[in-house]
Amino acid sequence: MSFPRRFNSPVWIGIAFSVAVLAATTTSTYSLESIDPFPISEVAPGVYVHFGANQLMNAENEGAIANVGFVVGGDAVAVIDTGGSVREGRALREAVKRVTDKAIKYVINTHAHPDHVFGNAAFEAPAIFVGHHNLPRALATNGPFYMKAFRHEMKSALDDVKIVPPTLILDDEIKLDLGHRSLAVKAWPTSHTDNDLTVFDPTSGVLFAGDLLFVQHVPVLDGSVLGWLKTIDDLARIPATRAIPGHGRVSDWPDALAAERSYLRRLVSDCRDLIKRGIPLAQAADIAGALQKSNWELFDEYNKRNATAAYSELEWE
C-alpha cells in the first residue's frame, strides 16, 4: 500500500514501503469462521476475508498486512488480492479449499503494491489473473525494486515470490461470471495508484475497494490526490451496502469514504495555502494535514510522505 511514488518522481526514489491495518472483526450478522492457521471471516454469504495484521511488513508476519479475500459462486471462485508473500498466498489458497471444492477461476489484483500481489505465485493456471491495464507496466517497472527493498526485512518469507502479470486486463469495467453470481470489476483513473481496481459483488452488496479505501489507517498517496478525490465521488455511486477496504475493518457504504475524503481535502487545502504563501516543500511537508493526526493510525509514518506527494502535484496547478 505504501510505496515509492512513480519512479519519475525523485522525492519517492528509494523509499521502501510499509503498511499497517487494523486487525478487525466484521460487524456482519453472518457467522465468522476461523480457519487455522489462516483466519478468515465470512462477511456475507459466500464472501470471505482475511484481515491483515496491524504491523509493518516483515519476516514474522510473512507480509500478511493487507486485507485479502475470495467470493464463492455456483461454479467457481474469485480471489481478490493474494497477500505479501507466497506463503500467505498458499495459506489463502488452502483457506479456499477448506471452504469449497470449486475451482479458483479468477485471481484479481486490485493494484501493484507488494502486500497485494506478492502471493500471486501461489496460484496457477488455469486461473485467470485480472488487472488494470496499467498493472503490467507497474509490475515490470517497480517489481524488481520491491523485491530488493524488502529482502532485508522479509528474509526467507520473500522466497518463491515472482512477479506474475495479469492475463486479463481491463480499461473500464467487466463482469466475471462465477456461476449464478457475477462480479463487477472496474478500473479507475489515477488515484491511490495509477492501476487501481475495485470488485463489487451485487449478490451480497459487498465492495472490495482495495486501497482506494483506507479505514483507520491513514490513506497513502502513490498516485494523484486530485484524482483520488474525484474517484471517491464516483465510488460513492456504487450501490454497495458494505465495503472491505485494503486496510482496516469492514464498513458501511458509502459512509466509509467520509474520513478519507476529509483527510485528502485537508491535504489539498493545506498544500495550496502553503504554496501560495511560498512555504518550501521541506517545511510544508511537516505542516500539511497535521490537524488530522488524531483521526488516523500510523499518521507519523505516512503523512509527511503524503504531504510531499500532494505538494509536488499541486505546485504545478
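Guide: Let's begin with a pair of facing residues: the bridge partner of aspartate 201 in strand S11 is valine 206. Strands here are DSSP runs of type E with at least two residues, helices are runs of type H or I with at least four, and both are numbered from the N terminus. Two strands pair if DSSP finds at least two bridges between them. For S10 and S11 there are three bridges, and the pairing is antiparallel. The hairpin that these two strands form has four residues between the strands, and in it glycine 205 takes a positive phi near 80 degrees.

Before going further, a word on where this comes from. This is a predicted model, in which local features need pLDDT of at least 70 and side-chain atom pairs count only at pLDDT 80 or more, while totals for chains, interfaces and linings use all residues. Residues are numbered from 1 along each chain as its sequence is written, and side-chain values use heavy atoms, with hydrogens and water left out.

Now let's step back to the sheet. S10 and S11 belong to an open sheet of six strands, ordered S8-S9-S10-S11-S12-S13, with mixed pairing. Strand S8 (173-177) and strand S13 (251-252) stand at its edges with a single partner strand each, so one side of each is left without a neighbour in the sheet.

Strand S9 (residues 182-187) runs antiparallel to strand S10 (residues 197-201), and four bridges join them.

How well covered is S11? It is mostly covered, with nine of its nine residues buried. Buried means under 20% relative accessible area, exposed means over 50%, and partly exposed lies in between (1.4 Å probe, protein chains only).

Helix H4 (residues 225-235) touches S10 and strand S11 (206-214), and its direction makes about 165 degrees with that of S11. Such angles run from 0 to 180 degrees between N-to-C directions, with axes fitted as lines to C-alpha atoms, for helices over the stretch in contact. Contact means heavy atoms within 4.5 Å.

At the start of H4, a side-chain oxygen of serine 224 comes to within 3.5 Å of the backbone nitrogen of leucine 226. Further along, the buried residues of H4 include Val225, Trp228, Leu229, Ile232 and Leu235.

A pair of aromatic rings is described by the distance of the centres and the angle of the planes. The rings of Phe, Tyr and Trp (its six-membered ring) pair if their centres lie within 6.5 Å; planes under 30 degrees apart count as stacked, over 60 as edge-to-face and the rest as tilted. By this rule the model has five aromatic pairs.

One of them is stacked, because the rings of tyrosine 48 and phenylalanine 70 have centres 4.9 Å apart and planes at 15 degrees. Another, made by tyrosine 263 and phenylalanine 299, is edge-to-face, at 6.4 Å centre to centre and 80 degrees between the planes. Tyrosine 263 lies in helix H5 (residues 257-276) and phenylalanine 299 in helix H7 (residues 299-314), so this pair ties together parts that are 36 residues apart in sequence.

Are these two residues buried or exposed? Tyrosine 263 is buried, with a relative accessible area of 0%, and phenylalanine 299 counts as buried at 7%. Together with Trp296, Tyr263 and Phe299 form one aromatic cluster.

Note on methods:
A polar contact is a pair of N or O atoms within 3.5 Å; within protein, one must be able to donate a hydrogen and the other to accept it, and residues adjacent in sequence count only if both atoms are side-chain atoms.
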